[in-house]
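These are my notebook entries on one protein model.

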Amino acid sequence: MDVMPHVDQTGLSVVAPQASGDPVASERMLRVLIVEDSPIVRERLIALIDQLHLPIRMAAVADGLQAMARFERLCPDAVVLDIELPGLNGFDLLAQFKLQRPACVVIMLTTYAYPEFRENAMRLGADYFFDKAMEFERVTEVLSALVATRLPPV
């Protein structure tokens, strides 16, 4: 099933529409929330994920407050999370996300790949911590693995 994202009227949200109204089909989609304030990085992530042609439903937001609201509505299986954000920072969001949904896979993707930031993220429950400059594409590897291991069979 090809899942093609589109940008809604706000320019902030990207949601892959369901192929049908079938609720079972919806359960076979990995729900991913992208929290990234840079439009260029956000669009690149969306394009890379879209190129996977996997059953992924995406939502993308640009700040911490939007992230909290969208997290509660989407109930994502995975979050791609920047550290430096307007509103709430990535560490605050990470702590809240893991408190609300401990099984949610959180991928920290940052330009601040300092050892102390990595340690703090892991202490707060991050599952992955990637440097935007060196490990950007690893996000798609993780999401592909999640689709393969977490979704019920067709």
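Entry 1, contacts and make-up. I count two residues as in contact when they have heavy atoms within 4.5 Å. I note that the model is a predicted one. I then listed the secondary structure and found seven helices and seven strands. Read from the N terminus, their order is β-β-α-β-α-β-α-β-α-β-α-β-α-α. The protein has 154 residues, and 45% of them are buried.

I located Glu36 in the loop that lies between strand 3 (30-35) and helix 2 (39-50). Is this residue, Glu36, buried or exposed? I found a relative accessible area of 2% for Glu36. The cut-off for buried is under 20%, so Glu36 is buried. I next looked for a partner of its side chain and found Lys132: a polar contact of 2.8 Å joins the side chains of Glu36 and Lys132. Leaving aside residues up to four places away in sequence, I recorded that Glu36 touches Val41, Arg42, Val61, Ala62, Asp82, Leu85 and Lys132.

I describe two packed helices by the angle between their axes and the distance between the axes. For helix 3 (residues 64-74) and helix 4, I found axes that come within 11 Å and cross at roughly 10°. Helix 3 is therefore roughly parallel to helix 4. Which residues meet here, in helix 3 and in helix 4? From helix 3 I listed Gly64, Ala67, Met68, Phe71 and Glu72, and from helix 4 Leu93, Gln96, Phe97 and Gln100. Sorted by class, the residues of this contact are five nonpolar, three polar and one charged.

I then turned to helix 4 (residues 90-100) and helix 5 (residues 115-124), which pack at an angle of about 20° with their axes 9 Å apart. The cut-off for roughly parallel is under 35 degrees, so helix 4 is roughly parallel to helix 5. I noted the crossing of helix 4 past helix 5 as right-handed. On the helix 4 side the contact is made by Phe91, Leu94, Ala95 and Lys98, and on the helix 5 side by Phe117, Asn120, Ala121 and Leu124. I classed the residues of this contact as six nonpolar, one polar and one charged.

Conventions. Residues are numbered from 1 along each chain as its sequence is written. This is a predicted model: local features need pLDDT of at least 70, side-chain atom pairs count only at pLDDT 80 or more; totals for chains, interfaces and linings use all residues. Side-chain values use heavy atoms; hydrogens and water are left out. Axes are lines fitted to C-alpha atoms, for helices over the stretch in contact, and angles run from 0 to 180 degrees between N-to-C directions. Helices (H or I, at least four residues) and strands (E, at least two) are DSSP runs, numbered from the N terminus. Angles under 35 degrees count as roughly parallel, over 145 as roughly antiparallel, 65 to 115 as roughly perpendicular and the rest as oblique. A crossing is left-handed if the near helix is turned anticlockwise from the far one by less than a right angle, and right-handed if clockwise. Ala, Val, Leu, Ile, Met, Phe, Trp, Tyr, Cys and Pro count as nonpolar, Asp, Glu, Lys and Arg as charged, and the others, Gly among them, as polar. Buried means under 20% relative accessible area, exposed over 50%, partly exposed in between (1.4 Å probe, protein chains only). A polar contact is a pair of N or O atoms within 3.5 Å; within protein, one must be able to donate a hydrogen and the other to accept it, and residues adjacent in sequence count only if both atoms are side-chain atoms.
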